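Subject: Structure handover

Hello,

Here is the structure you asked to look at, with the sequence alongside. Notes on what was found in it follow below.

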Amino acid sequence: MKKDFINIKTFAAALIAAACPFFAHAQEAPAVQTFEAGKKAVIKAENIKCDRTTATAYGNAEILYKGSVLKADQIIYDEVNRTITMYGNVRINKDGSELKADYGTYGLDDESSEFFNVEGSTDEVDHDGKKIQGKVYFWGDRMVKTEKCTKIDNAVITTCDCPRPELHYHIHSKIAEIYPGQKIIARHSKLKIKDKTLLGYSRLEFKLGKKQQSLIPTIGNNSHDGWYVKKNFDVNLFGNEGTGHIDLYQKSGIGFGLKYPYALGKNGYGYLDYYNLSPSKTAIMTENLTNEEKKRQVGKKELRNDIRYDLGNGYYTGLSIGMYDYQYPGEKTSNWNNYNYYFGRNTKKQAIYFAQTATDYNTYSYQTRKLDFGQKIGDGWTIKAGGFNSGYAGNVESNNSIWRYYTELNYENNFTDATLSYIRSTNNEVYHLDRIPEINVISKNMYIGSIPIKTAFTAGSYREEPVGLHMERGKIYIGVQPFSMDIGSSGILNAAGGFQQILCGDGSQKYAFSGQAAYTHTVSDHIKVKANYYLQNPKGYSPFVDDYIPSYSMLTAGAEIHNKDYWKLSMYGGYDYMYKTSTSLITTLDMKQNDKMRWIIGANYNMDTHQFPNFTSELKLDLGGGYSVENWMLYDNVNNKLTYMNIGLSKETHDTVTKLLYRNKQKEFWVQFYLKAFPEQPVCITPNSADIISPRK
């Protein structure tokens, strides 16, 4: 197993980018004199001297400009060049960021700057779209900020809040260049733990706003693939950024792929996705493979290319092509190809969409065509029309091809949404429901006090195939939408319900009542109870399959007893009145003690069979010195076996967490290492990094 300590790219981007903003809120010193430098800058100081082109401020000098607070022992304002020169105890505060320096200059028009012997911190840094935890701290000999780039010489960056001589870790770069929102280039960088260099790179370049690729491959072992190594890497072709990856499997062979977005001029773009896995030749030649072992040796080729181009004036077109090839030892290759072409227009008043798809799989093919048109014809009025065709060809019956076409007239205002529909279909051997025509009116929520009410009305002539049923049908609905209400000082009621009536032209009718209610009551500081009831009771008959309404009647209830942060006992069960059976009684005991130990024990009790189907246990124990141990398990009492038993050992420091995890039943292990400040996927050596085995953080 390769020992992996850190992913320098995934957190170096955020740490170096921290130097870009300036930061926090400081106490204002008393000002004796005030001078307005232009319309947006105000200078305050104990003494201000002015000549024709400059103003010099001494003693607690301060400038307020565009939300920034700039302070120094001495500030010189140059009106001609619109610059500020600052000397001694320089402080700049803006939007939660702070910069300290010995001296430097600041441009008022473009906010360009140059400062020497800088030190700063910020709590407004996002990495990969997520805000980091805590602050980022940085130091540098010189920092130059322009409109396009911020450069820091001899930069030291970290999220550790210890004094600089005692930093647990930091990144040291001779030159760090930050292009806001675009990329970071770090030259001659070193990752140091305490004073020891762990990793070093002559040059790093990565994009901001994108998930960075790890410089360290993922290494793992499992029963399906054996040992494997996976490596992702950035690909730059013709100015477009993509991702490549290589997978080496002990049992499955070698796989490689490419995910590549690209531009087609100013108005078009595409996306290419390719993967090829060649199974092990030794495995293919082996004749004694079981079916399960054959599946491990699957070879596959996948190619998908999506293209879209905007034609202007709301028009667009696109094409998607996919080719897939799967092969198993001793079996015929499975081929699957498909394409989708579409053309459309989308504006505030008009929508057009046409698409044709075809899928070929071995000896048969499936094709569809779709056309939709929508046009606003007045205030609240919209007309729609379209058609859909689908069908098979090949070694299956081809008479299941069907055409469906429709027209709709819709009207919507602040009170109702009404639609008049006309839908017809061909082929009486394929199931469908036609509306010839139908009107459907749905009200917006109306309120009786704080209770929301909704009503609906449907009427029309219906035809259902292949049964050949054709008659008039109508529906009426009135219902209470979900709402919440306080009952006294300790109870909360959540409820909803409704009534639906169906009337058919042959004289048959069907109706149904439905309702649900949940009540929570806090008995005391230590006891809480909750009950839920769900009911739907259909009566009568309708000849249309589309009118099926399920029936149910279920009561669930539970109670929770707790003693502040020390322990909590909960029990929850229910009874199904429709099927005259009880649900399992779920009991959980959650115990804590002085943040040193947490133990959760769970059991399911089947009230019909009077058995305990399974038991669960989760334990976390603080061993001291930053070490802790975790154990989670499930015992199957019906089959008398241990379903899983997982153990984890963690080491937590001021800034990092390292975990060794082991799954007893699967005989698998992996190592995780991550910085607390970065809320993202940790560096992981694992059989399957997407398999979450820790049920709680």
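**Overall make-up**

Of the 697 residues in the protein, 36% are buried. Please keep in mind that this is a predicted model. Its secondary structure comes to 46 strands and 3 helices. The protein exposes about 39000 Å², and 54% of that is supplied by carbon and sulfur atoms. Among contacts with a separation of 6 or more, 39% are between residues 24 or more positions apart.

**Nonpolar cores**

The largest nonpolar core has 30 residues, and the members that touch the most others are Ile-63, Ile-75, Ile-84, Met-86, Tyr-106 and Phe-115. At least two residues of this core come from each of β2 (41–45), β4 (54–65), β5 (68–78), β6 (83–94), β7 (97–107), β8 (113–122), β11 (136–145) and β12 (150–158). The strand that gives the most is β4, with 5 residues.

What does Ile-84 touch, leaving aside residues up to four places away in sequence? Its partners are Ile-63, Ile-75, Ile-76, Tyr-77, Gly-104, Thr-105, Tyr-106 and Leu-108.

**Salt bridges**

A search of the whole structure gives 20 salt bridges.

- Arg-404 and Asp-434 meet through their side chains, with 3.9 Å from N to O. The two residues are 30 apart and link distant parts of the chain, with Arg-404 in strand β27 (residues 402–412) and Asp-434 in strand β29 (residues 432–443). Arg-404 is partly exposed at a relative accessible area of 24%, whereas Asp-434 is buried at 0%.

- Lys-475 forms a salt bridge with Asp-547, and their closest N and O atoms are 3.8 Å apart. Lys-475 belongs to strand β32 (residues 469–487) and Asp-547 to the loop between β35 (527–540) and β36 (552–563), so this pair ties together parts that are 72 residues apart in sequence. Lys-475 counts as partly exposed, with 22% relative accessibility. Asp-547 has a relative accessible area of 2% and is buried.

- Lys-659 and Glu-630 have side chains that meet in a salt bridge at 3.8 Å, N to O. Since Lys-659 lies in strand β44 (residues 656–663) and Glu-630 in strand β42 (residues 627–636), the pair ties together parts 29 residues apart in sequence. Is Lys-659 buried or exposed? With a relative accessible area of 14%, Lys-659 is buried, because the cut-off for buried is under 20%. Glu-630 is buried too, at 9% relative accessibility.

The network of salt bridges links Lys-259, Asp-273, Arg-304 and Asp-306.

**A nonpolar patch on the surface**

Some nonpolar side chains are on the outside. Trp-227, Trp-599, Ile-601, Leu-619, Leu-621, Leu-623, Tyr-627, Leu-649, Leu-660, Tyr-662 and Phe-669 form a nonpolar patch on the surface, and together they have about 930 Å² of accessible area. Two or more residues of the patch come from each of β40 (597–606), β41 (611–624) and β44. The largest share is that of β41, with 3 residues.

Ile-601 is the patch member in question for one further detail. This residue is found in strand β40. Why does Ile-601 count as partly exposed? Its relative accessibility is 31%, and partly exposed covers the range between the buried limit of 20% and the exposed limit of 50%.

How many bridges join strand β34 (residues 509–522) and β35? The two strands pair in the antiparallel sense over 13 bridges. They form a hairpin, with 4 residues between them. Within this pairing, Ala-517 stands opposite Tyr-533 in β35.

On to the next pair: β35 and β36 are also antiparallel, over 10 bridges. Here Ile-527 stands opposite Ile-561 in β36. The loop between β35 and β36 is where Asp-547, the partner of Lys-475, is found.

Best wishes

Definitions and conventions
Residues numbered from 1 in each chain as written. Predicted model: local features only at pLDDT ≥ 70, side-chain atom pairs only at ≥ 80, totals over all residues. Heavy atoms only, no water. Salt bridge = Lys/Arg side-chain N within 4 Å of Asp/Glu carboxyl O. Buried < 20%, exposed > 50% of the residue type's maximum accessible area, 1.4 Å probe, protein only. Core = buried A, V, L, I, M, F, W, Y, C linked by side-chain atoms within 4.5 Å. Contact = heavy atoms within 4.5 Å. Patch = residues over 30% accessible without salt bridge, like charges linked within 9 Å, V, L, I, M, F, W, Y side chains within 5 Å. Areas by Shrake-Rupley, 256 points an atom, 1.4 Å probe, with all protein chains shown as cover. Pairing = 2+ DSSP bridges.
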